[in-house]
Amino acid sequence: MRIALEAAQAAAARGETPVGAVVIDEATGEVVAVGSNGPIGAHDPTAHAEIVALREAGRKRGNYRLTGLTLVVTLEPCAMCAGAISHARIGRLVFGAEDAKGGAVVNGVRFFDQPTCHSRPSVTGGVLAQESSAMLKGFFKARR
């Protein structure tokens, strides 16, 4: 999660919402990919930290199926990212802060609980949640 927090800070430095993500090989502990939010700079509404990290992991693995990998992200994924996590067959999801408005894992649509979800990762939430939440709050407070 510390690596994801560093990626989130890099996003904030670019004026992006501070969310960071890391893909880790469950067997070796190797960091496979790191992503940070980038929709503004990339002019791409899908450039969420999770999507950026999943794309890099897919390129490195030469496969869109990312079995045996864990995704660590500073903020509860939205519905789009939850869908990508499911399609990628990520085995484990770890996230920091909950997102009461946009989250789709423990809030909102609870994507992985839906009967139409074909691949469900194990989920651990609340890891370094205070740090993740404080970074987001500080970022938006400074913008107001």
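In what order do the elements of the chain run from the N terminus on? Hi everyone, let's start there. The order is α-β-β-α-α-β-α-β-β-α, and that gives us 5 helices and 5 strands. Before I go on, please keep in mind that this is a predicted model.

Now the overall shape. The C-alpha atoms fill a box of roughly 40 × 30 × 30 Å along the principal axes. How does the radius of gyration fit with a compact globule? For 144 residues, such a globule would have a value near 15 Å, and the chain comes in at 14 Å, so the two agree.

The chain has an accessible surface of about 7,200 Å², and carbon and sulfur atoms account for 54% of that.

A quick word on charges. There are 16 positive and 13 negative ones, and their mean positions lie 3 Å apart.

Next, let's look at the aromatic rings. How many aromatic pairs does the chain have? The count is 2. One of them joins F111 and F112, with ring centres 5.7 Å apart and planes at 90°; an angle over 60 degrees counts as edge-to-face, so that is what this pair is.

Then we have F139 and F140. Their ring centres are 5.1 Å apart and their planes meet at 80°, so this pair is edge-to-face as well. Here F139 is buried, with a relative accessibility of 11%, while F140 is partly exposed at 32%.

Finally, I'd like to show you one serine. Where is S119? You'll find S119 in the loop between β4, residues 92-97, and β5, residues 122-124. Leaving aside residues up to four places away in sequence, S119 touches S86, R89 and F112.

Key:
Residues numbered from 1 in each chain as written. Predicted model: local features only at pLDDT ≥ 70, side-chain atom pairs only at ≥ 80, totals over all residues. Heavy atoms only, no water. Helix = DSSP H or I, 4+ residues; strand = E, 2+ residues; numbered from the N terminus. Rg over C-alpha atoms; globule rule 2.2 N^0.38 Å. Areas by Shrake-Rupley, 256 points an atom, 1.4 Å probe, with all protein chains shown as cover. Lys, Arg positive; Asp, Glu negative; His and termini not counted. Charge placed at Lys NZ, Arg CZ, Asp CG, Glu CD. Phe/Tyr/Trp six-rings, centres within 6.5 Å; stacked < 30°, edge-to-face > 60°. Buried < 20%, exposed > 50% of the residue type's maximum accessible area, 1.4 Å probe, protein only. Contact = heavy atoms within 4.5 Å.
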